[in-house]
Structure formats: C-alpha cells, structure tokens
Amino acid sequence: MALIVMEEADLERLLDKVVSRAIEAYAVQVPVSLPPVLSRTQFMELLDISAPVATALFKRPDFPVNREFGNPRILTSLLLRWIEEHTDWVEENAGDNYKAIRNHALG
C-alpha cells in the first residue's frame, strides 16, 4: 500500500476541485436567464407548448402549479424536478425550443 503525504493546503485544493467536478456533473443546471418563478406565458414559451397543453398540465394533481399569487405560477426549481420525474411526457409533448434550451443548460 502506498502512503501519500501532502500539505494541508494542497489537500484542500484537491478536495475543492473534486467537489466542484461532482457538483457540475450531478447537479441540475438551471439556465441563468430563467426566473425563479414562471408565469403561464413564460412556462409555455419555455416548453414550446400550446395553451391547451398548458391547461391540461395545470389541471394535473401532480403538477407543481401555485395559484396563491392570483394567476398561476410555477416555481422553476419544482418544474425542473417534475420534468426529471416525467421525462417521457416531456419528450412526447415539449417542443424543440425547450429541448434546445435544456441541452444548452446541461452542456
């Protein structure tokens, strides 16, 4: 077995580098241009979907829509989590614009 000796500062730099790489690889990447809360229009534009598709989603009991602000709003973080959990639905219903944004955000 090999024994490696290094300075504390070198170990800290190494750990910082490893943790940063892990976060980049496994964290959900949110485009900086997305607001924390989406309006119905922003949501439809992001996913490149029609009003009837948005209405159907808003009626689903598992969809993260919030109506407490007067008009329906979607928390972006909850939407991204919902999309991850419902990838089949998204692949079948979202338009090319959303897929391009997603691919760009994920690298």
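In this predicted model, helix α2 carries four buried residues, Phe43, Met44, Leu46 and Leu47. Viewed down the axis of α2, these buried residues lie within an arc of 160°, so they line one face of the helix. An α-helix has 3.6 residues a turn, so residues three or four places apart point the same way.

The largest nonpolar core comprises 20 residues, of which Phe43, Leu57, Phe63 and Leu79 touch the most other members. Two or more residues of this core are given by each of α2, α3, α4 (76-85) and α5 (87-93). Helix α2 supplies the largest share, four residues. For leucine 57, the contacts beyond its neighbours within four places in sequence are with Phe43, Ile49, Phe63, Trp82 and Trp89. Two of these partners, Phe43 and Phe63, are themselves listed with Leu57 among the core residues that touch the most other members.

The chain just after α2 was examined next. Aspartate 48 lies in the loop between α2 (40-47) and α3 (51-59). Just after α2, this aspartate 48 adopts a positive phi of about 60°. Most residues other than glycine have a negative phi. Aspartate 48 is a residue other than glycine with a positive value.

Serine 39 belongs to strand β1, which spans residues 37-39. The relative accessibility of serine 39 is 18%, so the residue counts as buried, the cut-off being under 20%. Apart from neighbours within four places in sequence, serine 39 is in contact with Pro72, Arg73 and Ile74.

A nonpolar surface patch of about 570 Å² is formed by Ile4, Met6, Leu11, Leu14, Leu15 and Val18. Isoleucine 4, one of the patch residues, is placed in the segment before α1 (8-26). The relative accessible area of isoleucine 4 is 69%, and the residue is therefore exposed, the limit for that class being over 50%.

Conventions. Residues are numbered from 1 along each chain as its sequence is written. This is a predicted model: local features need pLDDT of at least 70, side-chain atom pairs count only at pLDDT 80 or more; totals for chains, interfaces and linings use all residues. Side-chain values use heavy atoms; hydrogens and water are left out. Patches are made of residues with over 30% relative accessible area and no salt bridge: like charges are joined within 9 Å, nonpolar side chains (Val, Leu, Ile, Met, Phe, Trp, Tyr) within 5 Å. Accessible areas come from the Shrake-Rupley method with a 1.4 Å probe; for residues, only the protein chains shown count as cover. A salt bridge is a side-chain nitrogen of Lys or Arg within 4 Å of a carboxyl oxygen of Asp or Glu. Buried means under 20% relative accessible area, exposed over 50%, partly exposed in between (1.4 Å probe, protein chains only). A nonpolar core is a set of buried Ala, Val, Leu, Ile, Met, Phe, Trp, Tyr and Cys residues joined through side-chain atoms within 4.5 Å. Contact means heavy atoms within 4.5 Å. The arc is that of the directions from the helix axis to the C-beta atoms.
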